[in-house]
Amino acid sequence: VKIIQNYIEIKKYKFKKRDVIKPNLIWVRSIHSIYNPLMAIQVLYEVRRKMPLAKLCMIGPVKDNSIDEINRLINRLKLNNHVTVTGKLEKKEWTELSLEYDIFINTTNYDNHPISIIEAMALGLPIVSTNVGGIPNLLRHNETAKLVEANDVSAMASQIMDYLSNDDERIEISTNARKIVEKNYNKDK
């Protein structure tokens, strides 16, 4: 078996060192039930209990009717002014928009080797992800990201709060993640 890793053109991803962050969360996936987008809304709700100014941007094309469930949950939890759903954006658009956000969350229930996570690593976004599929082969807990079990809203919210309160660890983790992308997932190599 020969494994050919996903890769990106690293020069297209400007690393942003996030010395000071806010609870501004970004989620980038297709809006489909397998990526568990409802969990992102639930995580925001949990984070807002301690950080009322928290916000979430969800970027991705709508692929199933889970968008209806997302909108119902946003309304029920009164998060209308705190969640932005952009739909599909071109890569350049979403990477530029990412400069306004500080923590990348990945809530998927199934995955292999997502390019969106590689891109977040390259951009310097601290990552909190579910620990499913091939993600543990891409990310290491407390080294290049924070990992939680699938559907564990409380754990994801807790890891986000940890990033918000521990600047040195957050900067080290996001810097480590960028180095891994440069070494292992760079198209030039």
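**Close-up 1. What the buried side of helix H7 packs against.** The buried residues of H7 (residues 167–184) are in contact, meaning heavy atoms within 4.5 Å, with helix H4 (115–123), strand S6 (146–148) and helix H6 (153–165). Buried here is under 20% relative accessible area, exposed is over 50%, and partly exposed is in between, using a 1.4 Å probe on protein chains only. Helices (H or I, at least four residues) and strands (E, at least two) are DSSP runs, numbered from the N terminus. This is a predicted model, where local features need pLDDT of at least 70 and side-chain atom pairs count only at pLDDT 80 or more, while totals for chains, interfaces and linings use all residues. Residues are numbered from 1 along each chain as its sequence is written, and side-chain values use heavy atoms, with hydrogens and water left out.

Close-up 2. On the inside we have Arg170, Ile171, Ile173, Ser174, Ala177, Arg178 and Val181, which are buried. They cover an arc of only 165° around the axis, so they sit on the same side of H7; the arc is taken from the directions from the helix axis to the C-beta atoms. An α-helix has 3.6 residues a turn, so residues three or four places apart point the same way. Turned away from that buried side is a face with the exposed residues Asp168, Glu172, Lys179 and Lys183. As for length, the 18 residues of H7 should span 26 Å at 1.5 Å a residue, and the end C-alpha atoms are 26 Å apart, which agrees. The expected span is 1.5 Å times one less than the number of residues.

**Close-up 3. Arg170, a buried arginine in H7.** Arg170 lies in helix H7 and is buried, with a relative accessible area of 1%. What does its side chain reach at 3.1 Å? That would be the backbone oxygen of Arg18. The side chain of Arg170 also makes a polar contact with the side chain of Asp167, at 2.8 Å. For the record, a polar contact is a pair of N or O atoms within 3.5 Å; within protein, one must be able to donate a hydrogen and the other to accept it, and residues adjacent in sequence count only if both atoms are side-chain atoms. Leaving aside neighbours within four places in sequence, Arg170 is in contact with Arg18, Asp19, Val20, Ile21, Pro126, Tyr163 and Leu164.

**Close-up 4. Asp168, on the exposed face of H7.** Asp168 is in helix H7 too, but at 64% relative accessibility it counts as exposed. Its C-alpha atom and that of Asn112, 56 residues apart along the chain, are separated by 30 Å.

**Close-up 5. H4 crossing H7.** The axes of these two helices come within 7 Å and cross at roughly 120°. Axes are lines fitted to C-alpha atoms, for helices over the stretch in contact, and angles run from 0 to 180 degrees between N-to-C directions. The contact is made by Ile118, Met121 and Ala122 of H4 and by Ser174, Ala177, Arg178, Ile180 and Val181 of H7.

Close-up 6. In H2 (residues 66–76), the buried set is Ser66, Ile67, Ile70, Leu73 and Ile74. They cover an arc of only 125° around the axis, which puts them on the same side of H2. Arg72 and Arg76 are exposed on the other side. The buried residues of H2 pack against helix H1 (37–50), strand S2 (55–59) and strand S3 (83–87). Next comes Lys78, which follows H2 and has a positive phi, near 55°. Lys78 is in the loop between H2 and S3. Is Lys78 buried or exposed? Exposed, with a relative accessible area of 67%.

**Close-up 7. Thr130 in strand S5.** Thr130 belongs to S5 (residues 127–130) and counts as buried, at 0% relative accessibility. Its side chain reaches the backbone oxygen of Thr108 at 2.6 Å. Not counting residues up to four places away in sequence, Thr130 touches a list of residues including Met39, Asn106, Ile135, Leu147, Asn151 and Met156.

**Close-up 8. Two asparagines with positive phi.** Asn36 has phi near 55°, positive in a residue other than glycine. Asn36 sits in the loop between strand S1 (24–28) and H1, and at 11% relative accessibility counts as buried. Asn151, also not a glycine, has a positive phi of about 65° and is found in the loop between S6 and H6.
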